[in-house]
Amino acid sequence: MKMQLHIRILFLGILLVQSFSIFACKPGKFLPERILWYEKPASYFEEAMPLGNGRIGAMVYGGVPSERILLNEETLWAGGPVDPDMNPEAVEYLPRVREALFNGDYPLADKTIRNMQGKFSESFLPLGDMYIDFQHDGETEEYQRDLNIRDAIATTQYRIGATTYIREIFVSHPDQLLILKLTASEPEALSFTLQCSSQLRHITRTTPDNRLILEGRAPVHAEPNYRGDVPNAIVYDDDPEGKGMKFQVEARILETDGYLAHSDAAITVEQAKNAVIAVAIATSYNGFDKEPGTEGKNPGKQINTWFEKAEGRSYTQLRKAHVQDFRRFFDRVAMFVGETEQTDLPTDLRLKQYLEGEEDPDLEALYFQFGRYLLISCSRPGGIPANLQGVWNPHMRPPWSSNYTTNINVEMNYWPAEVCNLTEMHEPLLRFIGKLATTGKVTARTFFGCRGWCCNHNTDIWAMTNPVGDFGQGHPVWANWPMAGTWFSLHLWENYAFNRNDEWLKDYAYPLMKGAARFCLDWLVEGPDGYLVTAPATSPENLYKNPEGYAGAVSIGTTADMALIKGLFQKIIIAGEVLQTDLDFQNEIKGALDRLYPYQIGHKGNLQEWYYDWEDQHPQHRHMSHLIGLHPDNQISPLTTPNLSEACRRSLELRGDSGTGWSKAWKINMWARLLDGNHAHKMLRTHLRYVDPSPKTQYSGGGTYPNLFDAHPPFQIDGNFGGTAGIAEMLLQSHNGEIHLLPALPDAWASGYVTGLRARGGYTVDQEWEDGKLVEALIHPDFDGEVKIRYRNQVKTLYLKSGTKQKTSF
């Protein structure tokens with residue numbers, strides 16, 4: 001039966017016209033709520049339920065005798081401001097590296113470039129744990145815990161004897177507090193003790209008015225976990241007034257009908273029926289260039305401000321403000337691609353049955369919306385970008401320091417931001433790029449002898465931009481790669497492309513893009529065939545094998561480098577035309593663009609990854625950086641460059657469908673860009689492979705944990721965001737100067753709808769389809785003007801007026 005479309009237009013802000021739609025699947029039946037749920041408490045981090053308000057992260061375990069809530073705060077990092085001029089001699093080695101490369105001495109180039117390295121990044125740290133120990137007596141029955149991702153509320157419910165206990169937890173962005181409500185169905189049945197701990201140096205105390213306070217300080221350095229058991233892996237400043245991030249947690253009982261007491265390090269509530277706990281968290285972070293120990297903010301003062309704001313407000317009022325705030329972002333997009341009987345099963349069981357081959361399209365839709373949920377929860381305007389673990393990390397030395405890995409991972413975190421109608425969540429990364437440009441100017445000059453700015457393979461909250469590797473200890477395959485600033489510049493352009501804010505482009509984005517392009521102009525040199533190339537160059541984390549059998553990292557003119565530079569130069573030219581400015585620089589860019597080393601198709605029909613048609617040391621390597629021109633950039637498309645597209649297809653076939661979690665997510669996007677919806681869906685099924693969270697379980701490839709976190713393994717959040725972006729790419733594309741409806745619709749999603757996705761140019765798009773064919777689309781423009789609409793091989797041009805909606809069908 002044909003699904004009915006009901007649309008309510010919401011005007012949110014000046015630029016965006018959003019839509020929220022409710023479709024009836026059949027008369028009297030609506031979509032299931034977007035809920036993850038489980039029948040037992042979490043034993044592992046990867047089973048716990050994530051909550052966040054952008055700044056605060058919480059993982060809720062749902063234990064019965066004792067509830068554990070892991071706490072994080074986005075600015076709690078080791079270290080302090082970086083000295084970007086840390087290796088003044090680095091640039092002196094650049095001529096030697098180039099000489100070795102152009103002489104064909106690749107081992108010498110690999111060895112010499114190690115002199116062009118600096119310090120490692122710092123680590124994102126776990127703040128602590130809050131425990132609620134209950135005075136329960138009896139067997140637990142009717143247990144259930146769930147996470148409502150539309151309301152961003154985690155609930156735990158169970159019965160002991162005749163008493164039903166309910167916990168409801170959320171992290172409020174409007175009030176900047178974690179709020180926890182505990183209720184019992186019977187009077188005086190609720191008794192518990194509240195306490196906090198931390199892996200960091202800390203003290204815990206209580207006050208006469210029954211406040212629980214934990215205060216601590218972060219280390220000044222934490223070694224990356226992959227360096228193993230090294231001396232002084234965690235280093236503190238022992239001076240009480242010295243360096244290191246200060247932090248504070250404070251818990252208060254806002255409401256209770258029970259008896260309240262405290263000991264030295266805990267608060268107790270006895271004989272209650274209900275209680276409301278509020279938790280505030282703050283650090284001394286005062287900017288990337290301020291030492292947090294000596295120039296930082298006062299955490300206690302910030303906490304008092306938040307509690308004063310919440311004073312006198314009921315739980316109902318706090319909850320209402322939180323839900324309204326979260327839904328105004330989450331409700332912008334709705335998606336339905338079918339449902340089966342699996343829909344009513346616990347989430348972990350759904351994943352297990354999905355692994356066994358069961359169809360569960362609603363699980364795929366839930367996963368899509370879960371990615372949007374996570375981005376709202378860990379990246380809010382005014383904050384710092386989501387890191388490798390978003391804002392949720394339990395480890396003192398987390399995997400890859402839980403930092404910003406800039407050769408794919410942090411970029412992937414923000415792929416869904418624009419197309420999935422969460423442009424505000426893009427702001428932390430876009431604003432962070434300006435900080436990177438500050439330190440990156442010094443890195444460009446002292447490491448590479450270039451103007452402009454650059455960023456290398458890793459960064460952290462201190463906006464470090466140097467090549468990492470501990471001054472020569474790092475393998476150049478990952479340590480020496482100065483192209484992150486170029487890639488970040490594409491994010492600046494994408495934000496403009498979706499929103500068309502000329503003032504923002506002129507005042508902020510274009511100057512940063514120009515600085516990155518200026519670095520590229522200086523970095524390019526003439527190669528052996530007369531083209532401009534990068535030298536030295538690497539292809540992120542992959543090795544070539546040359547005809548002599550040498551497996552090396554450093555070469556010249558890698559396809560990834562050339563694609564990123566070409567993409568940036570193209571955007572600089574378009575931006576100059578939009579702004580009608582900078583003619584001399586535009587001409588310089590155009591001249592260099594014409595001389596860039598072009599794409600090459602190798603003897604296997606693949607897009608070459610290296611300047612020469614060499615073999616890969618690891619043919620099924622997780623990185624596919626040479627395909628950046630296909631995705632996320634728009635240089636290659638089956639509609640505009642069919643030969644290069646076929647070469648990309650062949651490269652993907654040679655790489656195979658395995659890989660880490662984020663690698664599989666990238667492949668979803670790439671197959672969607674190749675307009676192969678069925679292969680994209682095949683990758684989605686692979687991406688959603690159930691991974692047991694037990695540390696004893698070893699896996700060679702990625703998948704999904706019981707709480708829907710991405711399994712690299714271990715947990716990395718980029719795979720979640722890449723998967724969500726890939727699903728959006730299957731349903732809507734706009735990178736070729738037209739709105740392409742249902743470009744890669746798989747057979748598995750025969751009928752459905754999606755509303756609220758965004759297209760470049762400033763459009764919100766709703767689509768409905770049946771039996772694999774488009775029924776109709778509604779286009780909501782932000783601006784007046786013509787737009788091309790494509791469906792399959794048909795293209796039409798419409799003139800649209802802002803503030804209206806245009807129905808179209810083919």
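Trainee: How many aromatic pairs does a search of the whole structure find?
Mentor: Keep in mind that this is a predicted model, where local features need pLDDT of at least 70, side-chain atom pairs count only at pLDDT 80 or more, and totals for chains, interfaces and linings use all residues. Residues are numbered from 1 along each chain as its sequence is written, and side-chain values use heavy atoms, leaving out hydrogens and water. Rings of Phe, Tyr and Trp (its six-membered ring) pair if their centres lie within 6.5 Å. For the whole structure, the search gives 36.

Trainee: Are Y544 and W614 stacked, edge-to-face or tilted?
Mentor: Planes under 30 degrees apart count as stacked, over 60 as edge-to-face and the rest as tilted. Y544 and W614 sit 4.7 Å centre to centre with 40° between the planes, so this pair is tilted.

Trainee: And what about Y597 and Y611, stacked or tilted?
Mentor: Their ring centres are 4.1 Å apart. The planes are at 20°, so the pair is stacked.

Trainee: Is Y611 buried or exposed?
Mentor: Buried means under 20% relative accessible area, exposed over 50%, partly exposed in between (1.4 Å probe, protein chains only). Y611 has 3% relative accessibility, so Y611 counts as buried.

Trainee: Which residue has its charged end over the ring of W523?
Mentor: A charge sits over a ring if NZ of Lys or CZ of Arg is within 6 Å of the ring centre and within 35 degrees of the ring normal. Here the charged end lies 5.0 Å from the centre of the W523 ring, and the residue is R98.
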